[in-house]
Amino acid sequence: NMEIIATLSKEFGIPIRTGRVRNPKAGGIYKVKPEVVRLKSQFGGDIGIATHEIAHHIDKLNKVTRGVRGKGLREELRSLDYDQEKRRAHEGFAEFIRHVLTQDDAAQVAPKFNDWFTKQWLPSHPEIAQKLSKSRSFIDAYRQQGAEARVMAQISKTGKPAKPLGVSTASWIGDAIKSFTDRAYAAMKDEGHYLNLFEKEG
């Protein structure tokens, strides 16, 4: 995970450091003025938290949420804020980018904003589009490697791959990986894994 964090840091040109996160409930923080992401020590390799905080940096430099216009767009972002009492668009945007980079459901969690972002905003900001695409690629590669290792480890434990007849090994492993990641993400959402783990500091 630390290699991914370091690559994200280099790709978006922002230091990502661990420690010195004073809020006991926060797993990470984006310090606006010095433009630094800090992750709590125990979350130093957490890609989800890192991408959320990087999104604040993208927003600061490009004023994304300030420029959001269109019916329902800001409302979708507010609905993504981890703190639904505050419903802040900038926090929703940070969560949206986390979904873009680490999950497969950005178009489901914010369909209108995703449409505007991918069809209007990103084409006019090709550098950011390239950075997001490149980051998603190496995060996917990392997830794939980890999922494959888990699937093969399970096969090794049972000695029974339980591969259906007529299904290629590559296809079967791919389905197993998707099942694993889908279940892991669902469990994470049920447990509110990322609730209160983010903080933005001026």
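Q: Hey, in what order do the elements of the protein chain run from the N terminus on?
A: They go α-β-β-β-α-α-α-α-α-α-α-β. Keep in mind that this is a predicted model.

Q: And how many helices and strands does the secondary structure come to?
A: Eight helices and four strands.

Q: OK, how much of the chain counts as buried?
A: Of its 202 residues, 45% do.

Q: What share of the contacts with a separation of 6 or more comes from residues 24 or more positions apart?
A: That share is 60%.

Q: Let's go inside. How many residues does the largest nonpolar core have?
A: The count is 38, and the residues with the most contacts inside this core are Leu8, Phe93, Phe96, Phe113, Phe117 and Leu132.

Q: Which elements each supply at least two residues of this core?
A: Helix H1 (2-12), strand E3 (36-39), helix H2 (47-62), helix H3 (73-80), H4, H6 and H7. As background, nonpolar side chains in soluble globular proteins tend to be buried together.

Q: You mentioned Leu8. What does Leu8 touch, leaving out residues up to four places away in sequence?
A: Leu8 touches Ile16, Ile47, Thr51, Ile54, Ser135, Phe138 and Ile139.

Q: Ser135 is in there! Where is the place of Ser135?
A: Ser135 sits in helix H7, which covers residues 126-158.

Q: Is Ser135 buried or exposed?
A: Buried, because its relative accessibility is 0%.

Q: Which residues does Ser135 touch, again not counting those up to four places away?
A: Leu8, Glu11, Phe12 and Leu101.

Q: How about H3 and H4, what's their angle?
A: H3 and H4 also pack at about 75°, and their axes are 7 Å apart. H3 is therefore roughly perpendicular to H4.

Q: Which residues make that contact?
A: H3 brings Arg74, Leu77, Arg78 and Leu80, while H4 brings Ala89, Gly92, Phe93, Glu95 and Phe96. This contact of H3 with H4 divides into five nonpolar, one polar and three charged residues.

Q: I keep seeing Phe. How many aromatic pairs does a search of the whole structure find?
A: Seven. One of them is Phe113 with Trp116: the ring centres are 5.4 Å apart and the planes are at 45°, so that pair is tilted.

Q: Where are Phe113 and Trp116 in the helix?
A: They are three residues apart in helix H6, so about one helical turn separates them. Both Phe113 and Trp116 are buried.

Q: And why does the Phe113 and Phe117 pair count as stacked?
A: Because the planes of those rings are at 20°, with the centres 5.7 Å apart; the stacked label goes to planes under 30 degrees apart. Phe113 and Phe117 are four residues apart in helix H6, about one turn of the helix. Phe117 counts as buried, since its relative accessibility is 1%.

Q: Which residues form the aromatic cluster?
A: Phe93, Phe96, Phe113, Trp116, Phe117 and Trp121 form one cluster.

Q: How many residues apart in sequence are Gly67 and Trp121?
A: They're 54 residues apart, yet 9.5 Å apart in space, C-alpha to C-alpha. Gly67 belongs to the loop between H2 and H3, and Gly67 is partly exposed, with a relative accessible area of 38%.

Definitions and conventions
Residues numbered from 1 in each chain as written. Predicted model: local features only at pLDDT ≥ 70, side-chain atom pairs only at ≥ 80, totals over all residues. Heavy atoms only, no water. Buried < 20%, exposed > 50% of the residue type's maximum accessible area, 1.4 Å probe, protein only. Contact = heavy atoms within 4.5 Å. Phe/Tyr/Trp six-rings, centres within 6.5 Å; stacked < 30°, edge-to-face > 60°. Core = buried A, V, L, I, M, F, W, Y, C linked by side-chain atoms within 4.5 Å. Axes fitted to C-alpha atoms, helices over the stretch in contact; angles between N-to-C directions. Parallel < 35°, antiparallel > 145°, perpendicular 65-115°, else oblique. Nonpolar A, V, L, I, M, F, W, Y, C, P; charged D, E, K, R; others polar.
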